[in-house]
Amino acid sequence: MICAENLQKRFGNVAAVDGASFTAADGAVTGLLGPNGAGKTTSLRMIYGLMKPDGGAITVDGQDITADPQAVQARIGVLPDQSGLYGRLTPREHIRYFGNLHGLRGAELENSIEKWIDLLDLKGVAGRRVAGFSHGERTKVALARALVHNPQNILLDEPTNGLDVMSTRAVREVIRRLKAEGRCVLFSSHVMQEVSALCDRIVVMAAGRIVAKGTADELLAITGMGSLEDAFVSLAGPQGAAANGEIA
Amino acid sequence: MNLSPIAVVARKELMDGFRDRRSIYTILFSALFGPLLISFMFSQLATQNKAAQEIRLPVLGSEYAPVLVNWLAQQSGVEIAPGPADPEAAVRDGKADMVLVIKKEFGEDFGESKPAPVQVFSDSTHHSVEPKVRRLTLLLTRFNAEMGGMRLIVRGVSPQVASPLKVEEVDVANSQQRAATLLNVVLMFLTMAVLTAGMQISTDSTAGERERGSLEPLLLNPVPRWQLIAGKWAAAALAAFGGMVLTLLIIAQVMSRLPLEELGVRSHLGLDKICLLILTVAPLALMAPAAQVYLSCFAKSYKEAQSYAAILIAMVVIPGVVSELYSLSNQPWMQTIPVLAQYSIGTDILGGKTPSPVGLVLAAIEGVVVAAVLLWLAARLFSREKIIFGR
């Protein structure tokens with residue numbers, strides 16, 4: 001369970017995030033939808049504790065991120081916008097490294113490693129160095145690495161960006177599985193289809209503000225549009241962001 | 001938990017580092033470069049010493065001074081050769097090391113007991129010729145003294161009258177210490193090994209981590225920043241220490257095969273000296289990687305970090321070279337300054353003196369403190385948003 005309340009973040013004169021409030025519930029997939037530069041990545045970075053908010057409050061499972069960042073980080077798994085792998089290490093070594101840093105050891109760790117290698121279809125490449133991997137394979141390794149400690153809360157920054165069909169499908173299956181296990185999944189995207197295919201709740205963000213929240217049907221009702229894409233454009237487009245500022 | 005995060009990070013960085021061919025090459029290069037240069041330098045010195053004893057002397061105008069030329073020819077290791085027509089050009093072009101020119105007036109002046117003119121042509125920019133020229137001028141001075149003495153005796157005067165001074169040179173340095181000044185290059189190569197062997201890991205695991213975008217996921221683990229930094233440092237420090245020990249062992253091997261006795265050097269790198277040297281240089285293996293890690297935090301890329309590390313090498317090696325050139329070594333204050341302390345204590349060890357345990361302990365404490373401060377600063381930098389996300 002992730003709660004963000006009135007988040008503020010400025011870079012110089014630019015308000016990257018300007019009073020964003022939203023929650024992501026357990027056992028649900030929450031989509032943070034918005035065009036490029038809307039403040040999605042900055043919001044996620046504040047939630048996973050690598051950026052300090054200028055204002056507002058964040059709690060993860062009731063714990064304040066600023067009070068004890070490490071306690072929160074132990075409860076979250078993150079796929080940042082860059083996979084950031086080590087070219088000379090194998091997928092198994094990547095996952096083991098992060099598992100170790102989360103305090104996992106022995107059989108518990110090895111079982112978890114094999115579980116994620118299996119679920120993400122990495123068996124064939126698990127012993128090879130990642131230097132020559134495709135974008136899809138790299139993303140899956142980064143995802144397995146982020147999930148090795150079986151976190152209750154999962155943050156994914158544009159997880160399926162630039163992936164082929166097979167990899168996208170594997171990632172989606174993992175997201176559905178996490179939801180079924182009662183975990184809290186928050187992921188950002190600027191791709192309509194992605195969000196509508198996976199999300200229970202959608203938070204639409206534009207120019208640092210939350211412009212709408214709700215299920216896909218609710219968003220259609222708010223905007224009076226026939227398709228989710230039209231709804232998104234009317235909410236997050238340049239006019240929409242200004243006009244709909246109050247809806248949120 | 002049976003493995004602390006520091007050890008987890010250090011193990012990963014070592015594994016990652018040693019799979020990188022660049023780090024293997026750097027360690028091998030720094031470990032072999034020093035010993036090769038040392039063996040080259042010493043064998044060059046040995047041949048030079050031998051060459052100075054045997055000189056081939058082109059003489060122009062030997063017909064004007066048969067007395068002098070015969071006397072020179074009788075000296076051991078001197079071979080008289082006919083001189084070139086243009087002595088100046090011959091020396092400048094390197095065709096002759098030196099040329100002795102005897103003027104036409106020599107016979108007449110010599111007969112009248114007036115100073116008879118001779119010229120020695122040599123090129124002072126050719127350092128290798130210097131010992132030979134010195135030998136020749138020494139021979140001429142001896143001829144001068146012998147002839148002058150004989151002339152005085154003929155005139156019924158004791159030659160001692162013409163020697164108001166009796167100069168005796170007393171060199172207080174024993175041969176071990178003389179050797180030590182030569183052997184100080186050993187220390188230079190040890191410090192270089194410390195600086196280069198850990199460099200790949202310290203730069204790649206910090207600036208490289210940033211460049212690859214892997215810093216952000218790493219910082220998401222529930223581990224304090226300082227422990228991550230300490231792990232990276234520990235890996236680099238182990239590599240630096242290993243590289244230094246490897247270099248020292250190879251140097252010791254090479255030196256045991258060099259004709260050091262011919263140079264009056266009796267210094268052998270026995271096991272006791274090797275251990276003491278390792279103890280002496282070890283604090284550098286704590287400090288140098290810490291400085292590299294700290295500097296790398298400012299670098300946006302692995303290459304930028306490498307250029308900072310290169311400047312660091314120059315900063316550390318130059319004091320050693322300067323203290324060597326100006327014979328600054330072994331002032332007590334030096335033992336309080338990092339790097340100079342290692343040079344100073346190391347010179348003592350190579351010179352056959354036993355270093356004071358207090359000095360060794362102080363240098364070790366200093367190394368730990370300096371490394372800790374640098375790591376603390378680096379950990380603070382690692383918390384800055386600009387460093388984590390700025391690329």
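Start by selecting α5 of chain A, residues 135-147. In this predicted model, 10 of the 13 residues of α5(A) are buried, so the helix is largely enclosed by the rest of the structure. "Buried" here means that 20 or more other C-beta atoms lie within 10 Å of a residue's own. Colour the buried ones if you like: A:E137 and A:T139 are on the list, and so is the run A:K140, A:V141, A:A142, A:L143, A:A144, A:R145, A:A146 and A:L147.

Next, zoom out to the whole of chain A. You'll find 10 helices and 10 strands in it. The radius of gyration is 18 Å, close to the 18 Å that the globule rule gives for 248 residues, so chain A is as compact as a globular protein of that length. Its C-alpha trace spans about 55 × 40 × 35 Å along the principal axes, and 49% of the residues of chain A count as buried. Among contacts in chain A between residues at least 6 apart in sequence, 70% join residues at least 24 apart.

Now colour chain A by domain. Domain 1 takes in 2-75 + 151-246, and domain 2 is 85-150. Their C-alpha centres lie 26 Å apart. How many residues make the contact? Domain 1 of chain A brings 11 residues and domain 2 of chain A brings 12 residues. On the domain 1 side, α6(A) gives the most, with four residues.

Last stop: chain B. Look for an open sheet of four strands, in the order β2-β1-β3-β4, with mixed pairing. β2 (78-82) and β4 (118-122) of chain B stand at the edges with a single partner strand each, so one side of each has no neighbour in the sheet. Neighbouring strands of this sheet are turned by 30° against each other on average, direction ignored.

Pick β3(B), residues 98-102: five bridges join it to β4(B), and the two run antiparallel.

How values were computed
Residues numbered from 1 in each chain as written. Chains lettered and ligands numbered in written order. Predicted model: local features only at pLDDT ≥ 70, side-chain atom pairs only at ≥ 80, totals over all residues. Rg over C-alpha atoms; globule rule 2.2 N^0.38 Å. Buried ≥ 20, exposed ≤ 12 C-beta atoms within 10 Å, placed from the backbone. Contact = placed C-beta atoms within 7 Å. Pairing = 2+ DSSP bridges. Axes fitted to C-alpha atoms, helices over the stretch in contact; angles between N-to-C directions. Expected span 1.5 Å × (residues − 1). Domains from an automatic or database assignment.
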